[in-house]
Amino acid sequence: MSGAYMNSMLTQIERRFNIPASLVGVINGSFEMGNLLVIPFVSYLGSKLHRPRMIAIGCIVMGFGCFLIALPHFLMGRYRYENSLSVSENSSTIAVCLANHSQFSMVTEQSAEECRKQAGSLMWVFVLVGNIIRGVGETPIAPLGISYVEDFARTENSPFYIGCLQIATVLGPLFGLLIGSYCAKLYVDVGFVDPEDVTLSLLDARWVGAWWLGVLICAAVSFIVAIPFCFLPKSLPKEGEENSAELNTKGNKTLLPAENAAHVSTTIREIAKDFIPYLKSLAYNPVYMLFLLITVIQFSAWIGMITFMPKYMEQQYGISAADAIFFIGVYNLPIICAGYFFGGLMMKKFKISTYKAAHIGFWSSIVEYLIYFSAFFMVCKNAKVAGLTMSYEGLEQVSYMETNLYADCNRHCDCSTKVWDPVCGENGIAYISACLAGCDISNGTGKNTVFRNCSCISAFGNDTAVLGQCNRENCGTMLQYFLILSLVCCLIYSFGAMPGYMVLIRSLKPEEKSFGVGLHSLAERVFAGIPSPIYFGAMIDTTCLKWGTKSCGGEGACRMYDSDTYRQLYLGVPSALRAVSYIPCVLVLLILRKQNKTLVQEDKELEAREEENGSVEQKDVPAAQNSTHLHQETMDL
């Protein structure tokens, strides 16, 4: 829940701290850095210690990390967004074009003075450190929880139980995304600022939601969830053997304080003496090593896509962050939950072998991959912004040059190109500011401000503009197609995820499961979880058409992207990565096929031996009967 919420709030964090997407990727990857610090030790030592209590400690640490993430909101001042002109003054008429230059200079000087007083420019470091701590706390949950279930469940039931755990890991993100959608609709300083004084709409690139509120909710939930784990036993009797007195006695003994003290007193040297042999055994396991490679490549694609999916939907289809988060939660997560459930249920009901499970996982992924290419054709045109995606004459052209923001119609205004305060003209074209639209005067205050006598708009017949960007055209239909496509892809991929995961579990020896699953998570985080958001964010930054400006000077968060280039990079890089991942997938299938043939051959030989032994026994019976008959005749004589 906390992970999904944090992921949904990355855009809000980017805007609040005025940082680029690449730095947001570093913050997102810091969670995996926290995992990296402790996961090898937790995974190996966890099976020898009290696993439920270690999970409880992890929940408490996660709660503390969430609290630290929210702390900057209470240390920073009120959110001040870019504003080329104070439109909330009592004066009903303001000379926009004439007042712009002096007004902007005054705002810049005031911001510089505040910048010297406040130390808020590096407050994002609190979020970074808090996310690292949250990653440390999350570490015990997956490897120890899965191994705990696997150790005490029947072999045929464990896929179903682990599937139920995966369902829980989908319900949590669903709640997190719903909370995120709600918080994104609330202004960041909710409760401290009059909503009427806020001139921004939810679609404005400067809008920042109450990102800190949901983090505090996640912190509280993490603390509460830790409580029941403290009362779970260290071990349980094997499922189906609960009535065995011997096992019950053994299970009860493990709960005694004296027994626990004996385990705790085990030295690190004694515990760690098998570390190298385990590592060597896994290194010589071809199925396991290839599965690690597949995971790293495919997760590199998925993590980058999931991290920036809300931003992609905002930029591509012109919807608010709150709506994007809500759609992801409603369309994707429930269907993923269904796919996990039916995949695990199928494994349990039909008792599918490892070889067949690998085929199910592979072909379901291939089918989803081919369907996924349809997303390239679900196109929505760039928003019409003069000087960025269109010329002032109304011709479509993409420009990364600030000099193109000037035209003959606004040169007399001496406008600044640093401020992002867009207005929508009656001609359906947006302008970076009222000044760059050539507007002479404004009437009204706050959200009701109307700009008139706009020289850049008058060429199209009208000369008025209102605050905010113009609505995108014909994006609603494409958005629905994209959501339906994501629903179908999630269902197919998640259906094969559980059989694929069981290939990993069953490739490990019982004593290697905790360590193997933990090492798998470690590789996933080091080579995919950490770098993927960073280079995805850096790629997205290259598509930025207009950067915001910090109050202290310098580039801030991006205000507008080239949605066409964004789409090509966002969808193209994952498709290339996934194509490469299918090479080791084929190798795994070939290895399992060979192992399966060996097992079938051994079974046939065993059956042949049993039949041969059975026929020998049948021949011995008449011989014994004849011997008994002769013996009886001798006795009679």
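How many salt bridges does the count come to in this structure? With a salt bridge taken as a side-chain nitrogen of Lys or Arg within 4 Å of a carboxyl oxygen of Asp or Glu, the count comes to 10 salt bridges. The model is predicted, and local features need pLDDT of at least 70, side-chain atom pairs count only at pLDDT 80 or more, and totals for chains, interfaces and linings use all residues. Residues are numbered from 1 along each chain as its sequence is written, and side-chain values use heavy atoms, with hydrogens and water left out.

**Salt bridges**

- Lys311 and Glu14 meet through their side chains in a salt bridge of 2.8 Å, N to O. Because Lys311 lies in helix H15 (residues 309-317) and Glu14 in helix H2, this pair ties together parts that are 297 residues apart in sequence. Helices here are DSSP runs of H or I with at least four residues, strands are runs of E with at least two, and both are numbered from the N terminus.
- Both Lys311 and Glu14 are buried, where buried means under 20% relative accessible area, exposed means over 50%, and partly exposed lies in between (1.4 Å probe, protein chains only).
- Arg15 forms a salt bridge with Glu314, with the closest N and O atoms 3.0 Å apart. This pair links distant parts of the chain, since Arg15 is in helix H2 and Glu314 in helix H15, 299 residues apart, and both Arg15 and Glu314 are buried.
- Asp564 and Arg567 form a salt bridge of 3.3 Å, N to O, and both lie in helix H22, three residues apart, which is about one turn of the helix. Asp564 counts as partly exposed because its relative accessibility is 27%, whereas Arg567, with a relative accessible area of 8%, is buried.
- Glu32, Glu138, Glu524 and Arg525 are linked in a network of salt bridges.

**A strand pair**

- Five of the six residues of strand S7 (residues 544-549) are buried, so this strand is largely enclosed by the rest of the structure.
- Strand S7 runs antiparallel to strand S8 (residues 555-561), and four bridges join the two; strands pair if DSSP finds at least two bridges between them. Trp547 stands opposite Cys558 in S8.

**Positive phi values**

- Most residues other than glycine have a negative phi.
- Asn18, in the loop between helix H2 (10-16) and helix H3 (21-46), has a positive phi near 55 degrees, and Asn18 counts as buried because its relative accessibility is 14%.
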